[in-house]
Amino acid sequence: NPTLAPWFNAEAQGTTNAIAGSSEAMFEMSAAYLASLLEPAVSTGKLRAGLDLRDASEWTTRIAMSLLTVRGPRLRTPEEEADYLRTFLLPALFEPT
């Protein structure tokens with residue numbers, strides 16, 4: 001697929017492999033920490049219905065790793081980054097308020 005080719009060309013291969021091959025222990029530790037932060041949302045009914053806490057923790061860890069390791073196409077101020085996360089991350093995890 002030509003659209004996805006830039007992710008897998010020789011230049012990007014090192015970054016792609018580094019992200020894909022991140023330490024499993026580090027990933028598990030991060031996911032466990034996030035699960036502990038999300039647990040209160042489960043008990044209060046704020047976590048989106050039908051979400052598995054472990055899956056939500058894994059997804060959030062993967063998104064965080066991507067945001068921390070891959071420069072996006074747009075530079076954002078801290079305020080814009082917070083808006084970005086409120087727009088896409090929070091609705092993925094929590095019930096609307």
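Predicted model: local features only at pLDDT ≥ 70, side-chain atom pairs only at ≥ 80, totals over all residues.
Modeller: Residues are numbered from 1 along each chain as its sequence is written, and side-chain values use heavy atoms, with hydrogens and water left out.

Biologist: Which pattern does the protein follow along the sequence?

Modeller: Helices (H or I, at least four residues) and strands (E, at least two) are DSSP runs, numbered from the N terminus. The protein has 5 helices and 0 strands. Read along the sequence, the pattern is α-α-α-α-α.

Biologist: What percentage of the residues of the protein count as buried?

Modeller: Buried means under 20% relative accessible area, exposed over 50%, and partly exposed in between (1.4 Å probe, protein chains only). Of the 97 residues, the buried share is 15%.

Biologist: Is Thr60 buried or exposed?

Modeller: Thr60 lies in helix α4. Its relative accessible area is 10%. Because that value falls under the 20% limit, Thr60 is classed as buried.

Biologist: With which residues is Thr60 in contact, leaving aside its neighbours within four places in sequence?

Modeller: Contact means heavy atoms within 4.5 Å. Once neighbours within four places in sequence are set aside, the partners of Thr60 are Leu34, Leu89 and Leu93.

Biologist: How many Å apart are Ser30 and Thr60 in space, C-alpha to C-alpha?

Modeller: Ser30 lies in helix α3 (residues 24–43) and is partly exposed, with a relative accessible area of 28%. Ser30 and Thr60 are 30 residues apart in sequence. Their C-alpha to C-alpha distance is 9.3 Å.

Biologist: Which residues form a nonpolar patch on the surface?

Modeller: Leu67, found in helix α4 (residues 53–69), is partly exposed at 37%. The patch has about 240 Å² of accessible area together, by the Shrake-Rupley method with a 1.4 Å probe, where only the protein chains shown count as cover for residues. Its members are Trp59, Ile63 and Leu67.

Biologist: Which residue lies over the face of Tyr84?

Modeller: A charge sits over a ring if NZ of Lys or CZ of Arg is within 6 Å of the ring centre and within 35 degrees of the ring normal. Here the distance from the ring centre is 3.9 Å, and the residue is Arg76.

How values were computed. Patch = residues over 30% accessible without salt bridge, like charges linked within 9 Å, V, L, I, M, F, W, Y side chains within 5 Å. Salt bridge = Lys/Arg side-chain N within 4 Å of Asp/Glu carboxyl O.
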